[in-house]
Amino acid sequence: MREQSVRLALLAGPVYAELLSGVIATVIGTLWVAGLGGAAVAAVTLAGTLENLLLGLVLVVSSGVSVRLARALGAGDGAEAGRITRAAWRLCALGTLALAAPGFLLRDRIAAAFLDGEAAARAAEYLTVAFPAFALFFAQRVADELFKGSGDTRTPMRIALLSNALLLVLDPLLILGAGPLPALGVPGAALALAGSRAVALAVTLHLRPRAAGPVRGLGEVRRAGAAGVGSAALGILRAGAPFGLDFTARMAVGTAQLALVAGFGVAAVAGYGIGYRLLLVLTMAFYALRQAVALRAAHLVGAGAPEPLRELRRATARLAVGLGAAAALLAAGAAGPLAALFTDDPAVAARSTGFLHLAALYLLPYAPAVALGGYHQATGAGRALVVSAVFGLGGQLGAAVVLSRWWGVDGVWVGQGVGAVVQLVLLVVLARRRDRGVVREARVARARARVSGLRRT
């Protein structure tokens, strides 16, 4: 079990650094845009929200790619790895056309549907750049998952650090201008993001031939032709659908929760915004572990190694519980000083501190729910993941509505913990039922094989 824990830590560490660098760059970029006024901030916020909605669909492809590729390489099937690689790029191209082209053509209507006046105009300007550049975002996610599927999480981390470092330089240059460079304002923010992603993708594609697993597969599939690429694409979508659905449902419930919080005033919304960003830094560790678990489990499934799989599940549960406890202690113990870093408004600081204190109840069950979700996704129990997430999120929203009537906005924070407990319990129960069903099927198959052998004798 110790070996599995070490492997998970080595895989998860770079993923966490990759995710954290993206959050830091986004926060700093928002500070530059804030100097342009409220309309600019609203425009960039809308664009970020739209990208998060599209990310749910991108994750269906990208997470499916890493799981399927790890499984194929675990089985030593280079030809299947090649088919998966080719199918991933085809899905990327089709997905980009399906999402970016309509978005670009309807950018003015999309902006006007959420904003008005100057904010809508600025949003349309941002989307004019952002929708064509969505191809870079989608392609980078696919390329990163090809590396991760072959067991390399360090290269995507390095690429993310490069991209976000470039963004930190380009943001002030293009938004505010410098020397001969004119101040482009909101479109400059979009161009800075597109430029940093373009450079990162170029470097990624240059490094891609060094990824031994996918390249060996590509060579074999070229000799064998394109047969099986369609079935590989379907396999990617099936493997990635649970994660994409989970993310999309979580985004929808988060939006509904924000609307509920807004009913308690501006201080509650501002406190929630600060607390939520701090919470992201903690929960990203859970998602890094989830990716590591999914990659390792998929590899072991492909290799047909049941005993290491059981050890992996136990190691995952222990690591997740430890992470959840550490995150809960940090959120509860350092809530006041952390909130003070972002605001000097006593009302906002009080709301943010209250959110982080009660978030400790949420972090404890949420960490194992997230990490074990990656294990079950990779081992084929995607239905259990989706069902537990949907009912857990439904329980979160329902509990938030009911409890907020008694305890005010604190009831909303407690509702998050209720939803996480529901999700974890359902995930464990449904996964155990599936495991028992698999065992029964295996026993029936062995019994039938024995009967068939007796009849032949």
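**Notebook: salt bridges and cores**

I began in helix H5 (residues 117–149), where Glu118 and Arg122 are four residues apart and so are separated by about one helical turn. I was working with a predicted model. I looked up the side chains of Glu118 and Arg122 and found that they meet in a salt bridge, at 3.7 Å from N to O.

I then asked which other residue forms a salt bridge with Arg122. It is Glu125, and the closest N and O atoms of this pair are 2.8 Å apart. Arg122 and Glu125 both lie in helix H5, three residues apart, which is about one turn of the helix.

Next I checked accessibility. Arg122 has a relative accessible area of 22%, so I noted it as partly exposed. Glu125 is at 30% relative accessibility and therefore also counts as partly exposed. The cut-off for buried is under 20%.

I moved to helix H9 (residues 229–262). Arg250 and Asp246 are four residues apart there, so about one helical turn separates them. Their side chains meet in a salt bridge, at 3.1 Å from N to O. Are these two residues buried or exposed? Arg250 is buried, because its relative accessible area is 16%. Asp246 is buried as well, at 3% relative accessibility.

I also noted a network: salt bridges that share partners join Glu18, Glu145 and Lys148. For the whole structure I wrote down nine salt bridges.

Asp246 came up again when I looked up Arg290. Arg290 is found in helix H10 (residues 266–303). Its relative accessibility is 4%, so Arg290 counts as buried. I left aside its neighbours within four places in sequence and listed what Arg290 is in contact with: Phe243, Asp246, Val370, Ala371, Gly373, Gly374, Gln377 and Leu385.

Which members of the largest one touch the most other members? They are Phe134, Ile236, Phe286 and Leu363, out of 79 residues in this core. Helix H2 (residues 38–74) gives the largest share of the core, 14 residues.

I followed up Leu363. Apart from its neighbours within four places in sequence, Leu363 is in contact with Leu279, Leu282, Thr283, Phe286, Gly324, Ala327, Ala328 and Ala331. I noted that Phe286 is in this list and is also named among the residues that touch the most other core members.

My last entry is a second, separate core of 22 residues, which includes Val293, Ala294, Ala298 and Tyr375.

Conventions
Residues numbered from 1 in each chain as written. Predicted model: local features only at pLDDT ≥ 70, side-chain atom pairs only at ≥ 80, totals over all residues. Heavy atoms only, no water. Core = buried A, V, L, I, M, F, W, Y, C linked by side-chain atoms within 4.5 Å. Buried < 20%, exposed > 50% of the residue type's maximum accessible area, 1.4 Å probe, protein only. Helix = DSSP H or I, 4+ residues; strand = E, 2+ residues; numbered from the N terminus. Contact = heavy atoms within 4.5 Å. Salt bridge = Lys/Arg side-chain N within 4 Å of Asp/Glu carboxyl O.
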